[in-house]
Amino acid sequence: MKETITTKWLSDLAFEAEVDGHKIYMDSSMEHGGKNTGPRPKPLMMVALAGCTGMDVAALLKKMRVKLEEFSVDVEGDVTEVHPKRFEGMKIIYRLKGKEINRKLVEKAVHLSTSRYCGVSANYSKAFPISYEIIIEEV
């Protein structure tokens, strides 16, 4: 199986990618020669991780009949100071809000996502360590 995307140069440092029929624009900041018309590529790597594991956890918790009022995934990335500036670690923070959320089920869903299902996590973990934290707020 192979996946392919095409990224087209628009002008200056702006690019447009089409992914699954959706357009994503990327650009650099003004201080680096861009016009700030879109996000930078490195933060999109964090978006990919949050989306991948978030979808897994949401689907698993639904199957486990865990009722959520709110759910969000934060990703913090540690970037090196020298070029090429790359991630040297990421931390995923799962924030769940609801009534009587079973922590053990959430831990199981997170573990299944990070160890078995999330392909983004599987790829990134070969390049740098990924840690996670679960924060549950009772309503």
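Modeller: Cys 52 and Cys 118 are joined in a disulfide, with 2.5 Å between their sulfur atoms; the term denotes a pair of cysteine sulfur atoms within 2.5 Å. Because Cys 52 belongs to helix H1 (residues 41-63) and Cys 118 to the loop between helix H2 (103-117) and helix H3 (119-124), the pair ties together parts 66 residues apart in sequence. The structure holds 1 disulfide. This is a predicted model, in which local features need pLDDT of at least 70 and side-chain atom pairs count only at pLDDT 80 or more, while totals for chains, interfaces and linings use all residues. Residues are numbered from 1 along each chain as its sequence is written, and side-chain values use heavy atoms, with hydrogens and water left out.

Helices (H or I, at least four residues) and strands (E, at least two) are DSSP runs, numbered from the N terminus. Cys 52 is buried, at a relative accessible area of 18%, and Cys 118 is likewise buried, at 3%; buried means under 20% relative accessible area, exposed over 50% and partly exposed in between (1.4 Å probe, protein chains only).

Turning to the helix itself, H1 comprises 23 residues and reaches 33 Å from its first C-alpha to its last, close to the expected 33 Å, a span taken as 1.5 Å times one less than the number of residues. Besides Cys 52, its buried residues include Met 46, Leu 49, Asp 56 and Leu 60. Strand S4 (70-79), strand S5 (87-98), H2 and H3 are among what covers the buried residues of H1. After H1 comes Arg 65, with a positive phi near 60°.

Note on methods:
Contact = heavy atoms within 4.5 Å.
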